[in-house]
Amino acid sequence: MKRIVFCGFRGTGKTDVGKIVAGKTGLPFLDTDTLIEQQTGRSIPDIFHEDGEERFREEERKVIAGLPKSGAVISTGGGVVTDPENMEHLRRDSVVFVLNADIDTIEARLSRKPRPPLTGLPLREEIAEMMDRRRQHYHAAADFCIDTSETTPEAAAGAVMDLLAKGTIPGQHRAPCISFFKTGRIPPKCMELLMKVLADNPPDPLTRLMGVAGYPCAHSRGPRLFNALFGHYGLDYHYTWFEDPELDEILRVARHLDVKGLSVTIPFKQEIIPFIDEVEEHAAQQIGAVNTVVFACGTATGYNTDWIGVRKPLVDLKGSKAVLLGAGGAAAGAAFALTDLDMDVTILNRTPAKAKAMAERFGCRWGELSDFDTIRPDVVVNSTPLGMKPDDLMPVSPDLLHAGMTVFDLVYTPPVTPLIEAARKAGCTTITGTEMFIGQAKEQFYLFFGIDVPGEKIRELL
Ligand code: NAP
């Protein structure tokens with residue numbers, strides 16, 4: 001029997017709703033705050049007051065790691081979601097409900113039952129500040145969300161029981177969605193698994209769907225990787241291909257199926273922006289492209305993780321002189337990553353006008369591909385697709401590569417491109433497109449589920 005876990009901000013009703021659900025299911029009820037008090041022999045306000053929040057979080061981590069692995073209803077403290085280790089434990093073989101409420105409701109509830117302050121701010125400001133800070137984490141934690149603002153604990157518990165029995169894919173949407181997938185190019189074995197999730201009487205109505213949205217995207221390694229990660233972390237999800245030339249159609253199906261998330265690939269990374277509710281400000285808005293959408297608590301939020309996949313392998317080369325070859329979609333994320341590392345960047349492209357436009361956006365220099373030999377960069381990043389096909393020309397002549405350079409080819413099929421081979425021969429340090437793929441997938445999984453997968457695990461599963 002799966003565990004039923006409640007997460008959410010203080011005052012959203014986790015304990016009250018959890019106790020009622022425990023009564024209805026006949027499962028034992030456990031509250032992590034109560035377990036911490038029993039384990040330490042001290043009250044939570046005392047731990048906060050005498051030893052501070054970090055000490056409390058340590059005790060919380062211990063309690064969460066020691067929870068029963070099945071057959072229990074668990075209510076958790078409001079901050080558990082921010083710790084990836086906690087999320088790994090809480091999400092395994094469990095269904096996680098995130099309870100929400102509006103700020104007025106939370107303020108009214110907390111005024112009746114004071115809790116230790118988390119900031120020095122007045123109560124209402126503290127609630128607003130902390131909810132904002134934790135929002136992404138609650139979205140990642142949620143298998144399902146329930147708003148408890150305008151409802152009683154009994155009604156919220158009723159909604160939980162309904163979801164547990166029926167899941168969230170309405171019967172009338174199953175058949176049209178099946179037709180959508182049948183027109184795509186999903187391999188037969190994967191189709192068989194998908195059809196089980198979409199059957200009229202699915203073996204498990206709680207299995208959630210997600211996938212990669214693109215056209216074409218049948219070559220994507222996402223389904224294989226994500227489904228392997230779901231098995232590894234005990235997550236009841238299935239990841240598939242949403243391949244269609246029309247983004248409208250993909251999003252219609254994705255919403256009918258109440259997907260938890262989409263990875264977005266060519267040609268939709270820019271096109272998807274007007275369709276989503278929020279776009280993360282720091283990177284995705286600057287880059288102007290979204291490769292990750294998290295659907296949770298009624299909101300679709302767009303992120304860009306591509307730039308993280310470029311930045312991470314180059315982090316020790318801050319301030320270097322860099323050339324970025326290409327000025328397309330992947331180049332925008334790369335330009336953001338390189339400038340974030342304070343590199344002196346020149347963008348070279350077959351169509352120089354596009355290099356100029358991108359350079360102006362990111363504060364870089366620009367030129368034509370033939371300008372390469374005048375620059376003598378420390379770092380070369382290839383974001384053109386040259387190298388994917390056997391008869392492709394090299395994006396830069398091998399004579400211009402020399403020891404001391406770092407050459408990063410974003411192309412990942414084949415895993416070792418002619419550019420990488422030539423760079424190795426010339427004595428350069430090389431980074432393959434697989435490194436970018438691993439970095440962006442790791443961050444994507446964190447945004448979807450709040451779990452921090454080691455890069456090595458992703459490499460092993462690819
Ligand atoms: P894109 O938006 O189509 O941009 C392609 C860029 O390459 C454009 O600047 C284009 O120049 C240039 N280009 C195309 N063909 C060329 C040729 N024959 N000679 C010279 N320049 C050429 O594509 P993208 O989405 O940026 O993807 C680019 C590459 O990055 C792909 O190989 C993709 O697989 C790879 N990628 C890897 C990862 C990863 O995780 N490793 C993630 C994303 C993308 P013009 O402006 O002149 O057309």
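Start by selecting the ligand and alanine 330: an oxygen atom of the ligand is 2.7 Å from a polar backbone atom of this residue, a polar contact, meaning a pair of N or O atoms within 3.5 Å. What you see is a predicted model, in which local features need pLDDT of at least 70, side-chain atom pairs count only at pLDDT 80 or more, and totals for chains, interfaces and linings use all residues. Residues are numbered from 1 along each chain as its sequence is written, and side-chain values use heavy atoms, with hydrogens and water left out.

Then pick glycine 433, which places a backbone N or O atom 3.0 Å from a ligand nitrogen. On its own the ligand has 930 Å² of accessible area, and the protein covers 77% of that (areas by the Shrake-Rupley method with a 1.4 Å probe).

Now widen the selection to the whole shell. There are 22 residues around the ligand, and Ala327, Ala330, Asn349, Thr351 and Leu410 come nearest; to count, a residue needs a heavy atom within 4 Å of the molecule. By class, the shell has 12 nonpolar, 8 polar and 2 charged residues. Here Asp, Glu, Lys and Arg count as charged; Ala, Val, Leu, Ile, Met, Phe, Trp, Tyr, Cys and Pro as nonpolar; and the others, Gly among them, as polar.

Colour helix 15 (329-340) and helix 18 (433-449), the elements that give two or more residues to the shell. Helix 18 gives the most, with 3 residues. Helices (H or I, at least four residues) and strands (E, at least two) are DSSP runs, numbered from the N terminus.

A search of the whole structure finds 1 disulfide. Cysteine 145 lies in strand 5 (residues 144-147) and cysteine 297 in the loop between strand 10 (292-296) and strand 11 (299-303), so the pair ties together parts that are 152 residues apart in sequence.

Two prolines come next. Then visit proline 414, in the loop between strand 16 (406-409) and helix 17 (418-425). The bond from threonine 413 to proline 414 is also cis, with omega near 0°.

Finish at aspartate 258, in the loop between helix 12 (247-256) and strand 8. Phi of aspartate 258 is near 50°, a positive value in a residue other than glycine.

Methods: Polar contact = N/O pair within 3.5 Å; in protein donor to acceptor, adjacent residues only side chain to side chain. Disulfide = S-S within 2.5 Å.
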